[in-house]
Amino acid sequence: MENFWFFKKKRNSNPGGNGLRKNLILDEKGINTTYSGRFNAFLATLDFNNLKYKIIETYRNDEKQADYYKQGREIPGNVITNARPGESYHNYGAALDLVPIDKNGKVDFTDAIAYFEMGVAASKHGLEWGGSWKSLKDSGHFQIPSKEISIDELKLKYPLA
Ligand SMILES: [Zn+2]
């Protein structure tokens with residue numbers, strides 16, 4: 001788990017490094033600047049409600065997406081995504097993964113109540129919550145709604161460089 005965190009941190013320190021798509025501009029958090037305002041308003045609501053969180057991941061390049069897709073298929077472990085490279089909102093900086101932080105300052109992946117409260121806040125800001133998905137529920141995942149912009153539309157807007 002320690003290595004896992006280090007890995008995440010390292011990757012986020014260079015948002016949009018390798019594999020950045022054409023027209024895609026990321027802010028300092030690795031969020032698509034087109035959507036920064038909305039995600040920041042959502043995070044501000046969490047702060048206002050004293051819901052502590054840690055940002056796990058924002059932009060994810062296609063190479064990393066391919067690695068995630070292999071897990072539970074070509075390599076051992078649970079399936080963590082059904083999205084192939086270019087098929088995740090993370091690949092466009094249009095998704096954000098959070099984990100609640102408990103009162104001792106530790107991340108808690110099991111705090112269903114905190115996740116639910118985050119989901120409620122997300123919907124108020126016009127974001128889609130992965131905890132409401134029917135299959136492969138992802139309680140820490142928040143994204144621009146697929147009804148608003150589809151993956152196919154994102155691919156056209158932000159083609160591979
Ligand atoms: Zn996610």
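Helices here are DSSP runs of at least four residues, numbered from the N terminus. I looked up Gly37 with that in hand and found it in helix H2, residues 36-48. The model is predicted.

**Entry: Gly37**

I then checked Gly37 against His125. The two are 88 residues apart in sequence. In space their C-alpha atoms are 10.0 Å apart.

**Entry: overall layout**

I stepped back to the whole protein chain. I found 5 helices and 4 strands. Along the sequence I read the pattern α-α-β-α-β-α-β-β-α. The chain has 161 residues, and 27% of them count as buried. I also looked at contacts between residues at least 6 apart in sequence. Of these, 62% join residues at least 24 apart.

**Entry: helix H4**

I moved to H4, residues 112-124. H4 has 13 residues. From first C-alpha to last I get 19 Å, close to the 18 Å expected at 1.5 Å a residue.

Which residues of H4 are buried? I list Ala114, Tyr115, Met118, Ala121 and Ala122. They cover an arc of only 120° around the axis, which puts them on the same side of H4.

What covers the buried residues of H4? I noted that the cover includes H2, strand S2 (95-100), S3 and S4. H2 is also the helix that holds Gly37.

After H4 comes Gly126. Its phi is positive, near 70°.

**Entry: positive phi outside glycine**

I searched for positive phi in residues other than glycine. Asn50 is one of them, with phi near 60°. Asn50 sits in the loop between H2 and strand S1 (53-57). I count 6 C-beta neighbours inside 10 Å for Asn50, so it is exposed.

Leu136 is also a residue other than glycine with a positive phi, near 50°. I placed Leu136 in the loop between strand S3 (128-129) and strand S4 (141-143). How many C-beta neighbours does Leu136 have inside 10 Å? I get 13, so Leu136 counts as partly exposed. The exposed class takes 12 or fewer.

Notes. Residues are numbered from 1 along each chain as its sequence is written. This is a predicted model: local features need pLDDT of at least 70, side-chain atom pairs count only at pLDDT 80 or more; totals for chains, interfaces and linings use all residues. Helices (H or I, at least four residues) and strands (E, at least two) are DSSP runs, numbered from the N terminus. A residue is buried if 20 or more other C-beta atoms lie within 10 Å of its own, exposed if 12 or fewer, and partly exposed in between; C-beta atoms are placed from the backbone. Two residues are in contact if their C-beta atoms, placed from the backbone, lie within 7 Å. The expected span of a helix is 1.5 Å times one less than its number of residues. The arc is that of the directions from the helix axis to the C-beta atoms.
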